[in-house]
Each structure stands twice: as structure tokens, then as C-alpha cells.
Amino acid sequence: MRVELDEVRTRLSERGEAATPVAVAEALGWLGHVVSDASVWATVSALRRDSTGAGPLEPLLREPGVTDVLVNGAGAVYVDRGAGLERAEVEFESEEHVRRLAVRLAAQVGRRLDDGQPFVDARLPDGTRVHAVLGSVADPGTCISLRIPARVRLSLADWRAGGGLSAEAMAALRGLVTRRAAFLVSGGTGSGKTTLLSSLLGEVPATERLVIAEDSRELDPPHPHVVRLEGRPPNAEGAGAVTLTALVRQALRMRPDRLILGEVRGAELTDLLMALNTGHEGGCGTVHANAPDAVPARLEALGALGGLSRDALHAQASAALDALVHVRRGAGGRRYVSEIAMLRSGADGLVRAVSALVCDESGDARRGPGHPALRELVG
């Protein structure tokens with residue numbers, strides 16, 4: 001089929017014709033292939049699939065519940081339907097087929113992808129996050145990673161109904177939002193940090209203005225007054241970049257009731273902490289970390305990128321941040337809130353995560369040493 005498609009594509013290109021049924025039928029006949037309604041329709045569909053959308057991956061992207069589609073060269077495609085990665089019954093005809101799709105996806109958003117710039121990270125017009133690395137630097141060939149935005153907005157009640165949140169933890173989270181506490185949502189890749197933060201922002205009163213700064217748009221809170229600022233990488237000439245640091249500074253001039261940083265991943269942490277320490281209450285964001293105890297060290301590393309010394313970072317974080325909400329993904333793929341911790345400074349001046357509520361995958365919760373402080377904070 002691939003040889004046939006390439007031959008038809010070449011014929012149409014030579015004649016300057018679009019892949020209409022009439023033109024495809026003529027091309028198939030000229031090439032000596034059998035011409036029937038079925039063969040013409042199959043060829044037209046394949047050509048259009050290869051020239052628009054995500055090609056052979058399109059059916060996977062349209063499946064309900066799919067969060068990620070991963071291509072490892074021509075012979076292996078994996079999909080996450082919410083229960084972890086599984087092999088998909090989709091294959092590409094060749095490495096060239098995968099590369100052509102990757103280049104086309106990049107071109108849709110005006111990005112360059114070739115041997116001189118063999119990787120790209122961008123967001124497609126429908127919100128899908130695409131990352132691609134060409135086979136010139138990747139083994140087993142061109143790799144494509146697609147992250148599909150959530151099609152359904154989840155409330156905290158939905159988390160509770162799905163077993164991802166205990167009753168006591170839900171009350172505590174609502175209290176954090178109501179009392180305008182500053183907090184971070186932490187967790188590993190794919191653990192549900194962004195989904196949970198969106199759910200929490202849905203608890204913010206409708207009278208408040210949310211200003212969100214993100215490297216790539218992912219947050220979609222169920223709230224009536226949201227302003228989104230999205231970063232931008234440099235163009236092919238190396239110009240035109242818009243950093244998260246710049247977006248945070250602009251957000252502060254937009255009269256936010258709550259400043260939200262989609263993901264804290266660099267020097268923008270410095271500006272966020274400064275904002276939270278100068279009257280901007282209720283700010284929040286997400287951060288990658290494998291465990292709550294690892295968050296302070298992660299903040300140290302990010303603060304260093306913004307020029308903060310270790311002591312300065314801990315002093316700023318202690319004054320700016322109240323709590324930490326950690327999410328995990330269980331063995332069966334279910335995402336759940338595993339811990340709520342208080343960020344407190346010790347005698348040495350260093351911030352630590354002190355457990356307040358620890359929850360297991362079954363929904364049971366036990367109180368930790370930080371629970372009295374959490375109770376006092378949320379009322």
C-alpha cells in the first residue's frame with residue numbers, strides 16, 4: 001500500500017492535482033492498478049490521513065480516555081488509555097513515513113524540524129502537545145510523543161467519586177483555596193498534577209480573576225474569569241522567544257486575584273516567590289518531584305537558575321508557600337492525592353515538607369505531624 005500511495009502521490013504532484021476521487025481514480029488507472037470504488041476510497045482516505053491530522057495515529061487520538069500516544073520508530077506505537085502504556089495495533093510503513101509525519105506536525109505550528117534542528121516541542125492548534133526527535137539522533141528511529149489535553153473537566157467531587165481523594169483530604173484542599181493559601185501541586189510525569197490543579201482552581205470564587213502563565217497551555221479550569229499567557233520558543237532565526245519569567249512579570253501587571261504558574265521549571269520560580277511575598281495571595285502552580293520530601297531540593301535547583309542562593313531560596317519559600325499537595329499514579333493507572341504537607345522552616349532555616357495527611361490508593365488517610373498546622377490554616 002505504501003508503494004502505491006507514493007506512486008499516486010507523485011502522479012498527483014506532477015499533475016498539480018488534489019487527492020479527489022476522480023484524480024485518484026485516474027492516477028490508479030494510469031499506474032496500472034485496479035480501479036474500483038473500494039480501492040479509490042481507501043487510497044483517498046489514506047492520502048488525506050497522511051496529509052492532515054496525525055496520520056495513522058488519528059484514530060488513537062480520538063479514542064475516549066487516551067492521554068498519550070508514543071511512537072518509537074516505524075515499528076512500535078504505544079498508547080496510554082489511563083491504565084499505563086500498552087502496545088497499539090498501529091505501525092508505520094517506514095522510517096520515512098514517521099519522519100514525514102513529524103515534520104508535518106511541526107510545520108503546522110510554524111516550527112522547523114530537520115537534521116539541522118532534529119527535535120521540536122510544540123502545541124498543535126487543537127491543544128495536543130507534540131514532541132518529536134528525528135531518527136538522526138534517536139534510536140530506533142524518529143520518535144513522536146503526543147500528549148492529549150483532557151477532554152473532560154474534573155471537579156474535586158469527581159476526584160472523590162473516582163477514589164482519588166479521601167473525604168478529609170477534599171475538605172482540606174477546599175480549605176486551602178478558600179483561605180487563599182499559596183501551594184504547589186507536586187508529582188511525577190503523568191501523575192495528574194495539571195488535572196488536579198485545574199480542579200482546585202474550579203473552587204475559586206467566580207468573582208476572582210485568574211491569570212495563568214504556562215510554557216505550553218495545559219490548564220483548563222472550570223472558572224468564568226481566566227486569562228492565559230503562553231510562552232513561545234525562539235523561531236528559526238533564534239528570535240521571538242517569550243519566557244515564563246517574562247510572562248510572570250506581565251501577569252503581575254494584569255490585576256490578578258490569583259497568579260498561577262502552570263509548571264515551575266526554571267528561573268521563573270524567583271519571580272513567583274517574590275510575587276507571593278508582596279501581597280499576591282492564593283498563588284499556586286505545579287512542580288515535578290517524586291516525593292514531597294524532594295520538593296525543597298527541587299526548588300533549590302530552580303532557584304539557583306534565577307540567581308537565588310540556597311539561604312535566600314529557603315527564606316523566600318518559607319514566607320511565600322504554605323502547603324504542598326502530592327499526587328501519584330497507582331499500579332492500576334488511577335491517579336490519587338497521596339499526601340498534603342505543610343512547608344515549614346526548621347531551626348537551620350531550611351524549608352521541609354511536614355506531612356499533614358497521608359493517603360493510600362484505597363482512599364484511607366492518616367494524620368501526620370503537620371496536621372495541627374494544616375487544620376489551623378484551613379479552619
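This report walks through a few strands, the nonpolar cores and the cavities of a predicted model.

## Before we start

Residues are counted from 1 along each chain as its sequence is written. Since this is a predicted model, local features need pLDDT of at least 70 and side-chain atom pairs count only at pLDDT 80 or more, while totals for chains, interfaces and linings use all residues; side-chain values use heavy atoms, with hydrogens and water left out.

Let's begin with strand β4, residues 119–123 (strands are DSSP runs of E, at least two residues, and helices are runs of H or I, at least four, numbered from the N terminus).

R123 sits opposite R129 in β5. The two strands make a hairpin with 5 residues between them, and G127 in the turn has a positive phi of about 95°.

The largest nonpolar core has 34 residues, and L173, L196 and L374 touch the most other members (a core is a set of buried Ala, Val, Leu, Ile, Met, Phe, Trp, Tyr and Cys residues joined through side-chain atoms within 4.5 Å). Helix α7, residues 167–178, supplies the largest share of this core, 6 residues. A second, separate core holds 32 residues, including L184 and A213.

## Two buried strand residues

D68 lies in strand β1, residues 68–72, and counts as buried because its relative accessibility is 12%. Its side chain makes a polar contact with the side chain of T67 at 2.9 Å (a pair of N or O atoms within 3.5 Å, one able to donate a hydrogen and the other to accept it; residues adjacent in sequence count only if both atoms are side-chain atoms).

L261 belongs to strand β10, residues 258–261, and is buried, with a relative accessible area of 1%. L261 and G192 are 69 residues apart in sequence and 16 Å apart in space, C-alpha to C-alpha.

## Enclosed space

There are 3 cavities of 30 Å³ or more (on a 1 Å grid over the protein atoms alone, sets of points where a 1.4 Å probe fits but cannot get out; lining residues have an atom within 4 Å of a point). The largest cavity holds about 70 Å³ of space (the volume filled by probe spheres set on the points, which are joined across faces, edges and corners). Among the residues lining the largest cavity are R129, T194, E214 and T286.

How values were computed. Buried means under 20% relative accessible area, exposed over 50%, partly exposed in between (1.4 Å probe, protein chains only). Two strands pair if DSSP finds at least two bridges between them. On a 1 Å grid over the protein atoms alone, a cavity is a set of points where a 1.4 Å probe fits but cannot get out, and a pocket is an open set with protein on both sides within 12 Å along at least five of seven lines; lining residues have an atom within 4 Å of a point.
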